[in-house]
Amino acid sequence: MPVSREEAGKQFFLKRYLSLGHRLTGDESTRQSIRVNTLKTTDDEITETLTALGVKLAKVPYLDHGYTVEKSGFSLGASIEYLLGLFSLQEPASQYAVQTLAPEAGDTVLDMCAAPGGKTTQIAACMMNRGLLYAVDVDRARVYALENNLERCGVGNSLVYHGDAARLELGTVFSRVLLDAPCSGNYVTDPNWFRRRSIEDVHRNAETQRALLSAALNVLEPGGILLYATCSLEPEEDELNIEWLLSNHGVALEEIEGPGENGLTQVFGRRLDAEISKCHRFWPDTTHTQGFFLAKVVKI
């Protein structure tokens, strides 16, 4: 009996993950999570409000303002509290990316692929609405969602640009850059992922990501921080791109601690620069989040 496209894709990718040290099933999942918007409320206020409405929350220990939703009798995304911008629906690994970037009030920050704005609003909250935050996205329809989220969450220190971040000339040098790169994603948050994705997609995305990495470094000040993030488990989009970055640009890596594991230094029989162990991976089977990769890059 012929194997379906979905099953063939599933076996192909799961075999790759096994060779990288993780026996995944393809059925791993992540719970809905929220991030408290400290521009408008406090953790105590919103958790008290939601608890009174029958929502059961559990604090994520490695997040500053993140909670998993253990129980809710209604759609949190349709609640008054959400519409007022008191919290955002945001996956834990995604929240950890901005925590790792650690923007501050005096920074000038670029969010290169910002829509729909979850991380952008988190950056603004870290900056306490001070400093300057540039948010860029290439997709016009998604820029509308970005603008709506910024307004909903009370962000007042941002400038929004529609365009390709790899080619956009902003005339500004940044102290911190977030490149949450367009990537292949992973199956944890996409039930059709194994049917839709191929290794050709992975290679195409890796090439696009390298162009964005180069553009990010061009506008980053010496000593500035670039946080490179993907929600891809594929080494071509993660460690192999950082290997390329170390070989082609004047950069260093800072170690990332927290849940998950160090970046891979051996991929498909190839030994990588030992510095890449300073990167960080969220594996769905051990962190119970979506797959995620983080690299904290310093421009020399």
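Start at the second largest pocket, which has a volume of about 190 Å³. A pocket here is an open set of points on a 1 Å grid over the protein atoms alone, where a 1.4 Å probe fits, with protein on both sides within 12 Å along at least five of seven lines; lining residues have an atom within 4 Å of a point. Grid points are joined across faces, edges and corners, and the volume is the space filled by probe spheres set on them. Before going on, note that this is a predicted model, in which local features need pLDDT of at least 70 and side-chain atom pairs count only at pLDDT 80 or more, while totals for chains, interfaces and linings use all residues. Residues are numbered from 1 along each chain as its sequence is written, and side-chain values use heavy atoms, with hydrogens and water left out.

Select Y62, T68, T287, H288 and T289: of the 14 lining residues, these are the closest to the pocket's centre. The lining is made up of five nonpolar, seven polar and two charged residues. Nonpolar takes in Ala, Val, Leu, Ile, Met, Phe, Trp, Tyr, Cys and Pro, charged means Asp, Glu, Lys and Arg, and the others, Gly among them, are polar.

Stay on H288. You'll find H288 in the loop between α10 (284–287) and β15 (292–299); helices (H or I, at least four residues) and strands (E, at least two) are DSSP runs numbered from the N terminus. H288 is exposed, with a relative accessible area of 55% (exposed is over 50%, buried under 20%, partly exposed in between, with a 1.4 Å probe and protein chains only). Check its backbone too: phi is positive, about 60 degrees, although H288 is not a glycine. Most residues other than glycine have a negative phi.

Next, jump to A102, in the loop between α4 (92–101) and β5. A102 also has a positive phi, about 50 degrees, and is partly exposed at 31%.

Now for the largest pocket, with about 1000 Å³ of space. Pick out C113, A115, P116, R142 and D180, the closest to its centre of the 47 lining residues. Elements that each supply at least two lining residues include β4, α5 (118–126), β6 and α8. By class, the lining has 20 nonpolar, 14 polar and 13 charged residues.

Zoom in on A115 and P116: a cis peptide bond joins them, with omega about 5 degrees. P116 sits in the loop between β5 (108–111) and α5.

From there, go to S88 in strand β4 (residues 87–89). S88 is buried, at 4% relative accessible area. Show its side chain with that of R152 and you'll see a polar contact of 3.1 Å (a pair of N or O atoms within 3.5 Å; within protein, one must be able to donate a hydrogen and the other to accept it, and residues adjacent in sequence count only if both atoms are side-chain atoms).

Another buried stop is A135, at 0% relative accessibility, in strand β6 (residues 132–137).

Finish in the largest nonpolar core, where Y17, M112, L179, L226 and I242 have the most contacts among its 44 residues. Such a core is a set of buried Ala, Val, Leu, Ile, Met, Phe, Trp, Tyr and Cys residues joined through side-chain atoms within 4.5 Å. Helix α8 (residues 199–218) gives the most, seven residues.
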